[in-house]
Structure formats: structure tokens, C-alpha cells
Amino acid sequence: MLYSDIADVFDRLEGTSSRLEMTSIFSDFFKGLDPGSLRKIVYLSQGRLHPDFYNAELGMADKLVLRAISFTAGVSESKMDELWKKEGDPGKIAETLMKNRKQASLFSEPLTLEKVLKNLTMIESAEGRDSQDKKMKLLSNLLMDSNPVEARYLCRIVTGRMRIGAGSMTILDALAEAFGTKEDRPDIERGFNITCDLGFVAETLAIGGVEAVKKMKVTVGNPIKVMLAERLPSISLIMDRMGGRCAMEFKYDGIRVQAHIDRDSVKLYSRRLEDMTSNFPDIAAELRKQCRAERAIIEGECVAIDKDGNMLPFQNVTHRRKKHGMDQAVEDYPVKIFMFDILSVDDEDMTLRPLGERRSKLNETFGLSDMIQLTTMEVVNSPEEGEDFFNRALGKKCEGIMAKSLSQESVYRAGSRGFLWIKYKKDYEEALTDSFDLVVVGAFHGRGKRAGKYGALLMAAFDDESGKYCTVCKLGTGFDDAFLAGMPDMLDEYLSETHPSTVDAEMIPDVWFLPTVILEVVAAEISLSPIHTAAKSIMKDNAGLGLRFPRFTGRVREDKGPEECTTVNEIISMFEMQAQNKA
DNA sequence: GTACCTCGTCCAC
DNA sequence: GTCCGACGTATTCGG
DNA sequence: CCGAATACGTCGGACGTGGACGAGGTAC
């Protein structure tokens, strides 16, 4: 099969923003494919070579792809750099350079799907000495034989950013249209949610039709798409939405784990279905010990604790995400798991049962211990009770709460975000959270749909002692299109050719500004930062303070001069306050 | 050759 | 993780 | 009563901090 046929379809998809049209483009294309190719093409259309959970990556992203393009087209690194800043998309750059080249290579053969897959697979498996060069040349080898459109999507497949506007949900629509009817769509989606393998679902449909997909079962050992929660900005809105009554649960600040217990083997999967068994061997063993069923799938949150069993901030549990020296990490960073759901017990699918039933099943299936606990959960009947519960959650160092519907329809909706579960954190309510007035000291060029604009800003607080502006975060979300478009007008008059002497920064932006413009920023919390310079080495050696989940509130503080912005001292006291509240 | 640092990539949130 | 915008569909409004 | 306007949910794609790790470079 010719790769150009596939690239042309991607090109047509990118040309429309209508999901209905994308669906029919995909579905027409799918119908003509043999099942094996279909499977591979479905992966490619998502910028992948395998399903999400596949345990190997290409190890090639923007920078390495740019190197491959520059090697292929014979363009200097500095020219590449300039193009990268302007275009914000390696695919576009490759396309343009392929258009401009004088002559396609003389003996070039048309690229086939097989050839593309072969090289991509080799890129994936290259490792060790000179592997970066090898990866680069394997991609270059493909680009050499590409026409401009083919080159665009080769680069995008490798970086995993297809930018065709069609994600897995659109593919599922198309699969239903191609191999079934609209009524089959829920069954097909469920097939995806319990296998997590879009290509496999496509292949199964093409071979055995909807009947074959309906036969797919929740299986211990195969990760299931996790259920996600919607957000709402206040407890009372949540209670309205829930019809005045719901279950509330502490929302722990750790890593979500889906545990598959099967006789003597236990597998742990992350939210994005990566295998994390080796990272929490203690949890895996203890779950087996406490599980009274032969087989089960449960979900919980793994949280780091101190020696007294008190919960620690998120940063601690991330030390468990390592490959080497796990034994030491298990000792140094003890954890607990708080279980909150059960998806299967002894081969009985629990996902379609209502929440209450699942919770009782969870209770009766597991014994508890220091390491294995249940999330704190209560039935809440009014906003006041909800507020009270929320405050108790914060007191226990939780991030906030999850509200869960108690209706009979409250099933485990694998793979979807909906109002059956609603999360609430303190920083969702602006009145409850501290905001920061930070000065813009630099900017980064945007990528993709922000190409040619500033994609993010470098933000700083004022340090009265040194008289310098110290960085605390980048800021790249909360901007609407108008603000994004107006940024150059607002900022460019303060452009500085060099790193301003008044700015203390280790992170180097694409452009510098003289500290002038102040924006209001909210964040979830303040964390120790290895890169930001505010309060450097004051709280901890070689660490500064940074913001977690920073976003723009939409307010430009034109009323304030730069020296009136939030100070480093204020951030230090907020950080101390935050640590105190949690102790 | 080794020890250490930087850069890029990936993934948890 | 947060956030914004486009689309599609359901619901309400107005002639 | 029907077409137009509005409201709402879904989906996709921008962007954030921080830790770990592998590759590659450099200094000794």
C-alpha cells in the first residue's frame, strides 16, 4: 500500500474542521483497507506505532526530527532554528523544504506503508551508542523519498502531534460508520475502553464485525481506560448538579493506580496505562495479601507518607517513578494506597454496576492494613455538609474532594469524563485562592496553532533584597485568542536584545522583555523548584520556588508598576503558610 | 577509561 | 494537570 | 408551528512543573 494515499487522507482531514466530514473521510478510507493495514493506519493516524500502553517509544521528538530535516535538506542549524521559531511545527518545515528542493532523489521509489513502518520500528528499537544518529538517519531516509505532504505527516507521526483534528473519538465514529451503524457506536466505544487498543478494535471490526467487538470482555491483566471527572467551581454548584445528594470522597495528591490481581500475579497500571508494577512492589504484594478474591481489578491513589503515616506532597511520590535502585526508593519513600473503586471481581464485570454496589463490593473483597486503605467517603446532603467535608479533606493534606453520583445510572464510565464524578479543589474558586501579580520578563515562540505567536511567557516576582526580578513560572494557559493575538502589541515595545540585568533567571526564553507588564496568575500551590530563581537556596539548597498549574486569570494589572508586583518575600510566606496548613 | 554535566525525551500530575 | 474554541445537538425563542 | 438563536456537552489541541533516564559531550 502506498504511503502517499494515507498522507493524502490526513491532508484532507486537516483541511476540514467539521467532525462529521472527518468521520466520513475516515470511514470511506477504512472500508477499502485490509484489516491488518487498517490496524496500523489507525495507530499512525494517532501519531503512534502501537496502542497507548505499548512499552516502547520512538525516543524522537521535535529536536531530533529537526536534525533529521536539516540533514536531509542540507539546511544549516541556524536556519533550522529560525524556521522552528517561526513555523512551530517540524512537519511544516519538512514540507516547505521538500517543496523547494531542486530535484527529488534520482532513484527514489514511492514510499509504501511497509517501508514507513519498517523504518519507524527501527527508530523505536535503536539504542545505545550513536543511536540518536541512527534514528535521525532512518527518518531522513524516509524524508528523502517523500513528497511534501508525505514529509509533513512523517514528522508529525514521529513527534506524536498529528494536528489533523481527529482523535480517538472521531476514529470510533468513523469505525461505526464504516463497519456498522450509529447504534453500534456505544458497543464499539466500549470495546476500545476495555482493550485500550484502537487498532485492535478496528481490526476486529473489519474481520468479525460488530458481533466480534461485542464479545470483548473486561479481563484481568488488560488495563481499562480510567474514568475521569468533570470540574465545577463551587461546592454548591456540585450539589445542584448532583440533585442535592451525593457521595463525597477525599481527593488524595498522589499517583492513580489500576491494580490487576490474578492469583499470584499482580500488575499495576498508571492512568495512561503504563506498567508501574515495578515502582510499587510493596503495594502489589500487600494488595495480593489483602484481596479475598482470586482475581480482581481495583483502583486507588498511591500517596507518599512520612514515618508517622502522614501524607506528604505529590513531589515525594514521584521519586518512586524510577527504573534503577527501586529497593532503596521503596525504603526511602514509603507509600499507602487509598482504594476507591472495583471494576471486576472473580471475572464478574463490575463496571456497569452503580457506585454504591461497587463500593460495598470493594469493602467486602479487601482486608485493610497500614498500607492498604479505603478513601474516606461520606454521603453528603447539603452544600454545608459538603463544605465541611471539603475542609476536613484539606486538613488531611488532600488536594480537595471528588463528588460522585449516587444514582442507579452511576456506572464506571471507562474512558470518559462526565458529571457522574465531579472534582473540586480550593484553587477552583478564585475568591478562596491567592493570586499572584507577576511581571513578564520573557516569552517563548508558540507551536502548532500558536505558531507565529508567543506560546508562553516567563513570569517573575520582585525580590526587594537584590532588587531583581526572579522567575517563578512559565505561563501558557488562560489566554483567549484575542489576548494571544494582542500579546506582541502589548509586550514588544519592551523587547530587550539581551538578558536584562534586573532579571534573575536560569531559564532562557526565546525573547527577553524589560520587566514592565504585570499579569494576574493563579496556581494550585507553590513547590520547590530546580529551575526557578525566586527564593533560591532559602528554603532548600539549590532550590527556588515555583508555581504548580499556573494560569492567567485574564486580568492585566495596568494599575500596577513592576515594583508593585508580588514579591519573593510574599511567596516565601505563602509557601510557609501552605506547609503549616498541611502539618 | 571514568566521572560528571547537559540536553532531550517521556511521563506523573 | 488547566484552559479555550469549534462543532454538533438539544432546547428555547420569536415571528 | 417552524426556522433561528442560544445553551450545553464533547472533543481536540495549545500550554504548565518536576523527576528520571539515556545519549552525548567534556575534562581529567
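Predicted model: local features only at pLDDT ≥ 70, side-chain atom pairs only at ≥ 80, totals over all residues.
Let us begin with the open sheet of five strands, whose order is S1-S11-S10-S2-S9 and whose pairing is mixed. At its edges are strand S1, residues 228–231, and strand S9, residues 377–380, each of which pairs on one side only. Neighbouring strands in this sheet are turned against each other by 40° on average, with direction ignored.

Strand S10 covers residues 400–404 and strand S11 covers residues 417–425; the two run antiparallel and are joined by five bridges. To give one position, Ile-401 has Tyr-424 in S11 as its bridge partner.

The UniProt record, an unreviewed entry, carries the annotation "active site" at Lys-251. Is Lys-251 buried or exposed? Its relative accessible area is 18%, and because the cut-off for buried is under 20%, Lys-251 counts as buried.

I turn now to the DNA, starting with strand B. There are 18 residues around DNA strand B, and those that come nearest are Glu-57, Ala-61, Leu-64, Arg-256 and Arg-271. Which parts of DNA strand B lie within 4 Å of the protein? Of those atoms, 92% belong to sugar or phosphate, and the rest belong to bases.

Individual contacts illustrate both kinds. A polar side-chain atom of Glu-57 is 3.1 Å from a phosphate oxygen of DNA strand B. For a base, we look to Arg-321, where a polar side-chain atom lies 3.2 Å from a base oxygen of DNA strand B. Two elements give two or more residues to this surface, namely helix H4, residues 62–73, and strand S3, residues 255–262. The largest share, three residues, comes from H4. By class, the surface near DNA strand B has nine charged, six nonpolar and three polar residues.

DNA strand D has 44 residues around it, of which Gly-128, Asp-130, Gly-167, Arg-241 and Lys-323 come nearest. Of the atoms of DNA strand D that come within 4 Å of the protein, sugar and phosphate account for 95%.

Here, too, some contacts deserve mention. A polar side-chain atom of Arg-163 lies 2.7 Å from a phosphate oxygen of DNA strand D. A polar backbone atom of Gln-132 is 3.1 Å from a phosphate oxygen of DNA strand D.

Which elements each supply at least two residues of the surface near DNA strand D? They are helix H8 (131–144), helix H10 (168–179), strand S13 (454–463), strand S14 (468–475) and strand S19 (525–529). The residues of that surface divide into 18 polar, 15 charged and 11 nonpolar.

Conventions:
Residues numbered from 1 in each chain as written. Chains lettered and ligands numbered in written order. Heavy atoms only, no water. Near = heavy atom within 4 Å. Polar contact = N/O pair within 3.5 Å; in protein donor to acceptor, adjacent residues only side chain to side chain. Helix = DSSP H or I, 4+ residues; strand = E, 2+ residues; numbered from the N terminus. Nonpolar A, V, L, I, M, F, W, Y, C, P; charged D, E, K, R; others polar. Pairing = 2+ DSSP bridges. Axes fitted to C-alpha atoms, helices over the stretch in contact; angles between N-to-C directions. UniProt positions renumbered as here; feature names shortened; annotations may be inferred. Buried < 20%, exposed > 50% of the residue type's maximum accessible area, 1.4 Å probe, protein only.
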